[in-house]
Amino acid sequence: MDEFTPTVGVSSTHPADMPDDHAALPVWNAENWFYEDWPVGQRIRSLRRTIGESDSHLFNTLVVDIHPYVQDQMFAEREGIFGRRLVAGAFVFSAGLGLVATNCVNAFSYGYDKLRFIKPVFIGDTIYTLRTNMEKVPRYKDLGLIRASYQVFKNEGELVLYCEHLQTVKYQNPADFVGKTER
């Protein structure tokens with residue numbers, strides 16, 4: 001056994017369907033943060049990702065988005081108001097949020113508010129995302145509610161998308177929230 005104490009993945013380990021020495025290892029890229037561990041005001045920035053032709057086309061194919069602005073080069077260049085093809089907003093949303101997504105085993109998506117597509121994104125644009133933890137509210141017996149904003153930028157800092165993500169997150173110590181929850 002390793003002499004180091006794992007700092008991530010602890011609550012996602014120990015599956016019964018693998019050898020014990022494998023199950024005891026911490027899971028890479030699987031955070032085990034609890035409600036108490038999410039600091040309000042914390043900001044993080046993602047790596048950047050350039051959206052290529054194949055990325056855009058594969059997404060459109062998977063979701064059957066055949067709108068001419070995202071699928072028809074001739075239409076986009078000749079009749080479209082931008083003069084070139086767009087990347088589907090749903091893909092910008094998915095990729096932008098994916099850039100700062102964690103694999104926190106104690107957090108569950110509750111929904112999104114205030115989603116806005118502010119400016120178009122085109123094939124070849126590079127995006128990155130800023131996430132800010134906005135607020136925390138004790139909500140349920142075992143879960144608190146966290147609101148974070150996501151700002152997706154393209155190229156050298158042009159804001160293209162904004163939304164707020166609501167997540168329910170398990171308490172590390174539910175007893176600390178007795179009488180403080182909404183439900």
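Guide: Helices (H or I, at least four residues) and strands (E, at least two) are DSSP runs, numbered from the N terminus. This is a predicted model, where local features need pLDDT of at least 70, side-chain atom pairs count only at pLDDT 80 or more, and totals for chains, interfaces and linings use all residues. Residues are numbered from 1 along each chain as its sequence is written, and side-chain values use heavy atoms, with hydrogens and water left out.

Visitor: What is the volume of the largest pocket?
Guide: Rolling a probe the size of a water molecule over the atoms shows where empty space is left. A pocket is an open set of points on a 1 Å grid over the protein atoms alone where a 1.4 Å probe fits, with protein on both sides within 12 Å along at least five of seven lines; lining residues have an atom within 4 Å of a point. The largest one here has a volume of about 350 Å³, taken as the space filled by probe spheres set on the points, which are joined across faces, edges and corners.

Visitor: Which residues are the closest to its centre?
Guide: Of 20 lining residues, those are Trp-38, Val-100, Thr-102, Arg-131 and Gln-167. β3 (107-117) gives the largest share of the lining, three residues, while α5, β4 (126-138) and β6 are also among the elements supplying at least two each.

Visitor: And what does Phe-91 touch?
Guide: Contact means heavy atoms within 4.5 Å. Leaving out residues up to four places away in sequence, Phe-91 touches Arg-49, Ile-51, Asp-55, Ser-56, Phe-59 and Gly-96.
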